[in-house]
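Please look over the sequence and the model before reading on.

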Amino acid sequence: MAVAMTGGAIALGAGRAPASQPVAAAAVDPGVLGGGDLDASITALQTHLRTQPKDAGGWATLGLAYVEQARTKGDPSRYPQAEQALRRSASLAPDSDQALAGRAALAAARHDFQNALTFADAALRRNPYSERALSSRVDALVELGRYADAAAAARTADARRPGVPVFTRYAYVHELTGDVSTARRVLEQALGAATSPGDTAYVATQLGQLAWNQGDYRTALTCYARALAADDGYLPALEGRARARAADGDRAAAIKDMEAVVARSPLPGPLVELGELYEARGAAGDRARARQQYALVDAWTALARANGVNADLDTALAAAEHGDKAAALRAARAEWARRHTVHTADALAWALHVNGRDREALPYARRATATGYRNAAFRYHRGVIELATGHRAAGRASLASALKLNPGFSPLGAARARKALEGAE
């Protein structure tokens with residue numbers, strides 16, 4: 001989630017420019033990052049900087065563009081280029097908040113949230129109204145599990161720079177505490193405030209994800225349709241539509257959508273989802289197709305680590321279900337040592353479970369659901385662990401709650417949850 005939110009900050013922070021808008025020769029507008037062709041924008045920035053190599057703002061914008069390119073293409077090899085550009089910007093203008101805000105976004109993209117917070121704070125000391133730094137600060141606090149601080153940071157950001165990037169973060173902080181109605185209201189306000197196709201696609205996708213989490217697939221599909229009408233190439237909306245279609249029973253369309261996503265952005269989440277969709281379909285060759293997707297997760301993880309990305313959470317989540325269970329537990333423990341979030345608690349609980357350590361897992365499973373965050377997968381994991389530790393009534397309640405909340409939360413997990421619940425009756 002942090003990578004996606006960071007990407008939103010980059011794309012939305014300066015407003016989206018029309019795809020046809022050229023890059024000015026003398027001064028690079030960060031808004032070009034919101035154009036329809038990011039690769040062309042980067043080429044234009046590079047051309048500009050060859051003639052204006054002392055443009056500190058241009059180097060900062062290029063660094064952010066590389067971060068966005070890495071996110072949208074699932075290509076972590078862009079991160080060293082981003083770091084080099086941002087360091088160049090800082091060397092030219094040591095007191096500029098742009099490079100510091102860019103380094104905060106880069107650190108968040110690499111899942112280095114403590115440094116993301118440090119850079120965001122440094123940027124805000126220079127410019128308290130930096131939208132990118134305000135947004136990155138909320139992201140970092142959320143991903144460090146400091147939810148009360150994140151809520152305060154979101155309020156500060158809203159007071160200083162109200163707008164789409166801040167509204168979406170404010171909504172997510174509320175969602176994490178179970179306040180879905182406020183999250184929905186804020187996102188609807190953000191959608192009403194959207195003034196460009198990029199903003200509309202981004203916020204509509206967030207609304208779709210919120211609806212999907214609550215099992216409201218019809219609303220989710222409506223939101224994703226609105227996002228794709230605004231930007232037919234917006235991958236998060238296409239990924240969300242695939243999940244909603246799968247949950248709603250249209251597996252063929254879901255597979256087609258998810259295949260399109262991984263063809264352009266082979267990130268762990270979509271790869272695992274596609275593999276599980278193949279497994280759930282069970283046609284000839286599907287098991288081999290699924291194994292191929294899981295193997296690609298390992299390849300992405302190796303590439304990410306080589307380019308400075310902390311991939312422990314990705315490793316823990318994917319390997320616990322479809323890989324080396326011991327490696328999953330090592331990764332989950334390492335991630336928990338760095339940050340205590342609902343997501344890392346859930347990952348550690350499940351990694352402990354698949355390694356047969358359910359009594360140790362139970363406190364983490366409970367912690368993952370303690371904030372009120374309405375996540376069916378978390379409830380499913382907790383229910384399975386509760387049953388394994390002899391808490392049968394609690395386990396049945398957790399499994400029933402997961403299936404009531406979002407009966408299609410996972411291509412494989414939902415079926416397993418139903419089977420576990422039936423076995424516990």
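In which hand of crossing does H16 pass H17? H16 passes H17 in a left-handed crossing, a term used where the near helix is turned anticlockwise from the far one by less than a right angle. The model is predicted, with local features needing pLDDT of at least 70 and side-chain atom pairs counting only at pLDDT 80 or more, while totals for chains, interfaces and linings use all residues. Residues are numbered from 1 along each chain as its sequence is written, and side-chain values use heavy atoms, with hydrogens and water left out.

Helix H16 covers residues 286-306 and helix H17 residues 312-322, and their axes lie 11 Å apart at an angle of about 160°. H16 is therefore roughly antiparallel to H17, the word for angles over 145 degrees.

| Helix | Residues in the contact |
|---|---|
| H16 | Tyr294, Val297, Trp300, Thr301 and Arg305 |
| H17 | Asp312, Asp314, Thr315, Ala318 and His322 |

Thr315, which lies in helix H17, counts as buried because its relative accessibility is 15%, where buried means under 20% relative accessible area with a 1.4 Å probe and protein chains only. Leaving aside neighbours within four places in sequence, Thr315 is in contact with Thr301, Arg305, Ala320, Ala327, Ala328 and Ala331.

The end C-alpha atoms of residues 201-234 lie 7 Å apart, and the span is 79% helix and 0% strand.

Notes: Axes are lines fitted to C-alpha atoms, for helices over the stretch in contact, and angles run from 0 to 180 degrees between N-to-C directions. Helices (H or I, at least four residues) and strands (E, at least two) are DSSP runs, numbered from the N terminus. Angles under 35 degrees count as roughly parallel, over 145 as roughly antiparallel, 65 to 115 as roughly perpendicular and the rest as oblique. Contact means heavy atoms within 4.5 Å. Buried means under 20% relative accessible area, exposed over 50%, partly exposed in between (1.4 Å probe, protein chains only).
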